[in-house]
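Work through the exercises below in order. Each task is followed by a solution in steps.

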Amino acid sequence: MLADYRDTIYHCLKCGACRHAYEVYEPICPSGMKYGFDSHYAIGRISLARAVLNQEVPIDAELMRRIYTCTSCGACDEQCHEAVGVDPLQVIEELKWEAVESGMIPPEVRDYLKHMNVHGNPYLLPQEERGAWASVAGVPQFDGQEYLFYVGDVGSYDERGQKIAAAVAAKLMGCGLELGVLGAREMSDGNEVNRVGERGLFEYLAKANIEQFDELGVTKIITLSPHAYHAFRNDYPQWGGRYEVMHYTQALAQALEQGKLTAGEARDQRVAFHDPCFLGRHNAEYDAPRLVLEAVEGLELVEMERNRNNALCCGGGGGNFFTDLLGAGPLSPSRVRVREAVEAGAQVIATACPKCFNMLDEAIKAENLEDSLTVRDIAQIA
Amino acid sequence: MAANLEEIRGALEAIVGRANLSGDAPDMIPYIKDSYSTMMGREVPLPDFVVMPKTAEEVQEIVKLANQHLFPIYPRSFGVNIAGSALPYAGGVVLDLKRMDRIIEINEDTMTATIEPGVTWGRLRKEANKKGLDVIPIGGPYQTSPVGNHLLTNITLYSSKYHCDRAVTLKAVLPNGEILRTGSWASAVGGEVNPYFRYAYGPDMTGMFRGSLGNYGIIVEMVERLRPVAPVEKNVFFGFEELAPCLKAMQAVERLEFSRTCQASNSSMTAHLILSPHRIKDPEQRQKLLARLPNYQITLGLGGTEEMVALFERVANEKIAEYGGKPFCLEPEEMAILNQVAEGASRGIMHMYAPCSGFAAVIGCLPITHVAEINGIVKQIVGKYDLRDPLSGEPLDHQLIVLPYDRCSTVYVEQEILYDPALDQAQLLPVMQCLRDCYAQIVGKYGASHTIPNKTLMKNMLPSYVELLTGFKKMVDPNNIMMPGGPYSLD
């Protein structure tokens with residue numbers, strides 16, 4: 001209930017710390033940067049929440065459009081939590097939940113949820129095709145191996161995601177890790193469903209996943225996506241789903257430490273790592289991806305100005321990867337981000353998330369940077 | 001305005017582009033509330049539009065349109081609005097200037113930056129540091145705007161050395177849409193070459209805009225004074241058990257003329273800075289820290305060569321000791337936050353209001369002679385209304401900050417009464433009454449002056465002064481389009 005967050009809403013100082021990253025002093029909110037009006041920053045969304053709470057305005061699709069451009073990247077929390085102790089994101093996500101409950105959601109969100117309900121994935125593709133990439137790549141089905149390699153919607157159905165999934169699986173197996181995938185049995189982890197406020201469907205998916213994991217004897221999970229990593233690690237335990245969860249970069253960093261990963265070579269490449277929000281800010285993992293990259297011979301790791309806890313979101317979180325409410329244009333965060341990578345002198349922008357990969361890949365084309373910058377997943381570099 | 005709203009929308013769209021204008025309620029609601037309006041229970045209407053211009057020319061066009069259709073304009077720079085100064089009291093158009101965010105020049109010779117209103121202290125500091133310079137920043141947070149601050153109080157920890165005002169010259173769009181440039185920039189022939197001298201061609205027009213809160217026009221560019229960064233810069237901290245000797249020591253040490261920054265504060269403020277926003281909620285931690293803190297402290301910023309700083313520190317120690325003060329040091333992480341705040345434009349300064357973020361500020365500028373007395377008066381009035389600490393529920397110990405002007409010729413005193421804005425209006429009433437009582441006492445008895453005018457304070461001013469203040473407004477803004485209504489209007 002929004003009323004449960006009354007103190008948070010009223011304790012917003014209206015100081016605007018949520019707009020710029022401290023010590024970097026550059027824009028940090030992807031939607032605010034894109035649209036400019038305060039309604040697209042946490043500072044304004046809190047005002048909207050207060051107006052809703054006090055019944056000064058109703059929740060409607062127009063109001064919620066300002067709320068749903070939030071990518072749940074957590075940048076506002078990162079700034080505000082330290083400054084005045086307020087966590088705006090929980091208020092924003094509570095508003096999304098109330099909107100879903102009252103049916104007042106933008107059509108793009110409605111369609112996404114409908115697809116998830118009907119098809120179990122946002123691509124409207126049959127469940128049987130979910131593991132097709134694994135058969136081609138020679139990744140075994142899960143059958144009691146030490147690790148379940150959980151791939152998720154983008155890795156399973158998206159062409160670029162499938163390539164990344166295959167590269168990650170190959171790299172992990174190359175380190176001697178015994179793993180298997182669920183293939184056609186895999187279900188969505190539900191993180192994005194949760195982030196757009198459909199908590200009922202998320203709970204259903206989580207419980208179904210937990211039931212299946214437990215039936216199959218899964219105890220250790222390596223995820224392709226930071227989004228699934230976040231859900232398994234932080235949300236599933238409330239329904240009894242307690243597993244040893246790792247993002248694949250953590251598994252690779254561990255393998256590196258144990259001498260099981262022989263990192264490849266790069267020919268004098270300058271690489272900037274783009275911190276995925278659900279790996280970095282939401283789960284404080286900044287080092288593992290960098291350790292893996294730094295192990296690559298001939299690779300020079302450069303940092304973009306906004307990095308680690310101050311990294312700029314690619315714009316794909318909070319369901320925006322599927323709903324595209326944030327839209328395109330020169331100020332879209334992914335385009336700003338690739339320009340930032342170029343400014344940092346990078347030739348490659350490395351990611352550890354298939355959603356980020358797609359967003360940045362499209363942005364490179366939109367910016368006509370194909371000759372100077374490419375996006376690659378860490379597994380495709382290391 | 002309602003009659004020709006669509007016509008105005010079309011004209012505004014033509015000026016700024018469709019993406020930079022909104023008349024939708026969800027976009028406008030965030031611009032009508034702030035801490036002040038909540039405490040005062042003040043209802044502010046929705047504006048008709050929020051507009052985000054990018055250039056001075058666009059601002060000019062908007063202002064001309066406002067005169068044509070007689071709609072009010074409420075400009076805001078980076079939009080850190082906590083004191084009700086940029087709310088659209090009479091509807092009309094909110095001019096959100098965040099997109100005007102260019103740092104046009106950082107000039108190493110003149111030690112100035114030419115900036116637009118959407119530039120923040122933090123960003124300017126970052127760019128100035130690249131050239132071996134630094135801002136002379138507000139004591140407040142990093143994400144505020146130097147231009148916005150010039151229109152408000154612009155208090156700095158450097159006020160002893162640089163007084164309160166670091167604006168050199170400015171370019172403003174007057175309420176009739178014409179461009180005004182001030183100081184040496186006013187010259188039509190050489191102004192663009194030399195916008196770096198403030199006191200040129202008669203009265204100080206740059207100063208006219210200070211504290212004007214947008215009534216006289218919209219600053220679209222400002223030349224801001226920067227400072228050189230010394231080879232060694234260090235902050236030193238001294239503790240006192242009583243306020244009176246602390247203030248005497250401040251006066252004495254400031255008259256030795258070597259400090260870079262100077263401020264005095266009480267332990268209530270220091271505890272908040274160190275423990276907020278999270279640990280302050282733990283009464284045990286708070287009590288333990290308060291037991292280690294002196295009741296009052298002086299923070300001095302020193303700068304120079306290594307030898308100079310060592311000498312200054314020794315002299316400061318000796319002078320402070322004459323008044324019973326002692327250097328104090330806390331744990332490294334505690335000192336880190338105090339050092340951060342001591343440099344101004346920090347994140348840490350927001351801790352003083354956190355975690356409830358409700359504060360009523362009693363502000364006065366006056367000789368240091370009366371500071372201890374007005375501190376006692378505020379304490380007494382806070383007690384009279386039985387105001388409680390919003391976290392502990394114990395009797396409220398207000399926060400005290402004293403910043404000297406011009407080597408302590410006068411001081412800026414700010415006393416913060418913290419409250420919880422989540423309380424209902426009836427519970428907030430005593431805070432408001434307490435604030436009014438405090439002002440009535442310190443303005444009436446001690447002549448403490450505020451840094452900005454508002455309608456309540458203007459009742460206390462000489463008629464001739466008010467006539468000039470409002471007369472100038474009438475002259476430059478005959479249609480009263482800038483900031484009408486509300487407490488800060490000079491109409």
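Two residues are in contact if their C-beta atoms, placed from the backbone, lie within 7 Å. The model is predicted: local features need pLDDT of at least 70 and side-chain atom pairs count only at pLDDT 80 or more, while totals for chains, interfaces and linings use all residues. Residues are numbered from 1 along each chain as its sequence is written, and chains are lettered from A and ligands numbered from 1 in the order in which they are written.

**Exercise 1.** Describe the side of chain B that touches chain A.

Step 1. Count the residues: 40 of chain B are in contact with 32 of chain A.

Step 2. Find the helices (DSSP runs of H or I, at least four residues, numbered from the N terminus). Helix H2 (25–28) and helix H5 (121–129) of chain B each supply at least two residues of this side.

Step 3. Sort by class, with Ala, Val, Leu, Ile, Met, Phe, Trp, Tyr, Cys and Pro as nonpolar, Asp, Glu, Lys and Arg as charged, and the others, Gly among them, as polar. This side of chain B has 20 nonpolar, 11 polar and 9 charged residues.

**Exercise 2.** Work out the strand order of the open sheet in chain A.

Step 1. Strands are DSSP runs of E, at least two residues, and two of them pair if DSSP finds at least two bridges between them.

Step 2. The 4 strands of chain A run in the order E2-E1-E3-E4, with parallel pairing. Strand E2 (179–180) and E4 of chain A are the edge strands, each pairing on one side only.

Step 3. E1(A) and E2(A) pair over 2 bridges, and Tyr147(A) stands opposite Leu179(A) in E2(A).

**Exercise 3.** Why is helix H13 of chain A largely enclosed by the rest of the structure?

Step 1. A residue is buried if 20 or more other C-beta atoms lie within 10 Å of its own, exposed if 12 or fewer, and partly exposed in between.

Step 2. Helix H13 (residues 226–235) of chain A is largely enclosed because 8 of its 10 residues are buried. Among them are Pro226(A), Tyr229(A) and Phe232(A).

Step 3. The partners of these buried residues include strand E1 (147–150), strand E3 (220–223), strand E4 (244–247) and helix H18 (354–366) of chain A.

**Exercise 4.** Characterise the contact between domain 2 and domain 3 of chain A.

Step 1. The domain bounds, from an automatic or database assignment, are 119–253 for domain 2 and 260–381 for domain 3 of chain A.

Step 2. Their C-alpha centres lie 22 Å apart, and 28 residues of domain 2 are in contact with 26 residues of domain 3.

Step 3. H10(A) gives the largest share of the domain 2 side, 6 residues.
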